[in-house]
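User: I would like to learn how to read a model of this kind, one feature at a time. Please give the general idea and then the case at hand.

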Amino acid sequence: MAGSVNKVILVGNLGKDPEIRRTQDGRPIANLSIATSETWRDKNSGERKEKTEWHRVVIFSEPLCKIVEQYLKKGAKVYIEGALQTRKYTDQSGVEKYSTEVVLQGFNSTLTMLDGRSGGGGGGSFGDEPGSDFGSSGPVSSAPRRPVAAGGGGRNSDMDDDIPF
C-alpha cells in the first residue's frame with residue numbers, strides 16, 4: 001500500500017460547552033473538549049478504576065459549526081470522525097509549544113449526536129458531504145446519514161475555499 005490514513009474516531013462526552021470563534025471574514029470555528037473513559041477492576045484489590053482521556057477537537061466546517069452552536073452543551077454524548085493534526089505555536093512568553101487536535105474539515109468529517117437531551121428524541125448525524133439532506137434527527141443507525149447545509153441539500157460552497165490556517 002503506497003498511501004496512508006489519518007482518521008480518528010471518538011465517542012465521548014463534552015467536558016464543557018463548545019466555544020465558537022469567528023475568523024476575520026466571519027466564518028465560525030468550533031472548539032470542543034471531549035472526554036473518553038475506560039473502566040476496569042484492579043486484579044489485586046478488586047477495586048474499580050477509571051481513566052479519562054481528554055481530546056481537543058476543532059471544527060472548521062461551517063455547517064457542522066452551526067449544529068454544534070445550536071444543539072451541543074456540556075455533557076452531550078457525541079460520535080466524531082476527523083483527522084489528527086499537530087500544530088506549532090508560540091505562547092505569550094515566546095516559548096514554542098505544540099498542540100495535537102482532532103480536526104473536522106472537508107469531506108471525511110462526521111459529527112453525530114448520540115443522546116436526545118439537546119435535540120429531543122434520538123440523535124442526529126451530520127457530515128460534510130455535498131448533495132446531502134439536512135436536519136435529520138432520529139435514531140442513529142449503523143450507517144449514519146451525512147447532511148450538510150441548512151435549507152435543504154445542494155452543493156457545499158466550502159469546497160472552493162482556501163484552508164483556513
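User: What pLDDT does the protein average, and what share of the residues score at least 70?

Analyst: This is a predicted model, so confidence is the place to begin. Where pLDDT is low, the predicted coordinates should not be read in detail. Here the protein averages a pLDDT of 78, and 69% of the residues score at least 70.

User: Which elements have the lowest and the highest confidence?

Analyst: Strand S8 has the lowest confidence, with a mean of 56, and S1 has the highest, at 97. Residues 118–122 have a pLDDT below 50, and this stretch makes 8 contacts in the model beyond near neighbours in sequence. Residues 129–160 also stay under 50 in pLDDT, and the model gives them 69 contacts beyond four places in sequence.

User: How many helices and strands are there, and in what pattern do they follow along the sequence?

Analyst: There are 8 strands and 1 helix. Along the sequence the pattern reads β-β-β-β-α-β-β-β-β.

User: How many residues does the largest nonpolar core have, and which have the most contacts inside it?

Analyst: In soluble globular proteins, nonpolar side chains tend to be buried together. The largest nonpolar core in this model has 20 residues, and those with the most contacts inside it are Val57, Ile59, Leu72, Ile80, Leu104 and Leu111. The elements that each give two or more residues to this core are S1, S3, strand S4 (48–59), helix H1 (62–71), S5, strand S6 (96–104) and strand S7 (110–113). Helix H1 supplies the largest share, 4 residues.

User: What is Leu104 in contact with, beyond its neighbours within four places in sequence?

Analyst: The contacts of Leu104 include Val57, Ile59, Leu64, Ile80 and Leu111. Ser61, Glu81, Ser109 and Thr110 are also among them.

User: What share of the contacts between residues at least 6 apart in sequence join residues at least 24 apart?

Analyst: The share is 49%. For a distance across the sequence, take Leu114 and Ala76, which are 38 residues apart in sequence and 7.8 Å apart in space, C-alpha to C-alpha. Leu114 lies in the loop between S7 and strand S8 (124–127). Leu114 counts as partly exposed because its relative accessibility is 33%.

User: How many salt bridges does a search of the whole structure find?

Analyst: Side chains of opposite charge can pair when their charged atoms come close. The search finds 9 salt bridges in the whole structure. One of them joins Glu19 to Lys16, with the closest N and O atoms 3.1 Å apart. Glu19 is partly exposed at 38% relative accessible area, and Lys16 is partly exposed at 42%.

User: Where else do side chains meet in a salt bridge, and are Asp25 and Arg27 exposed or partly exposed?

Analyst: Asp25 and Arg27 form a salt bridge at 3.0 Å, N to O. Asp25 counts as exposed at 52% relative accessibility, whereas Arg27 counts as partly exposed at 29%. Glu53 and Lys51 form another, at 3.9 Å, N to O. Glu53 is partly exposed, with a relative accessible area of 38%, and Lys51 is partly exposed, with 43%.

Technical notes: Residues are numbered from 1 along each chain as its sequence is written. This is a predicted model: local features need pLDDT of at least 70, side-chain atom pairs count only at pLDDT 80 or more; totals for chains, interfaces and linings use all residues. Side-chain values use heavy atoms; hydrogens and water are left out. Contact means heavy atoms within 4.5 Å. A nonpolar core is a set of buried Ala, Val, Leu, Ile, Met, Phe, Trp, Tyr and Cys residues joined through side-chain atoms within 4.5 Å. Buried means under 20% relative accessible area, exposed over 50%, partly exposed in between (1.4 Å probe, protein chains only). pLDDT is the predictor's confidence in each residue, from 0 to 100. A salt bridge is a side-chain nitrogen of Lys or Arg within 4 Å of a carboxyl oxygen of Asp or Glu.
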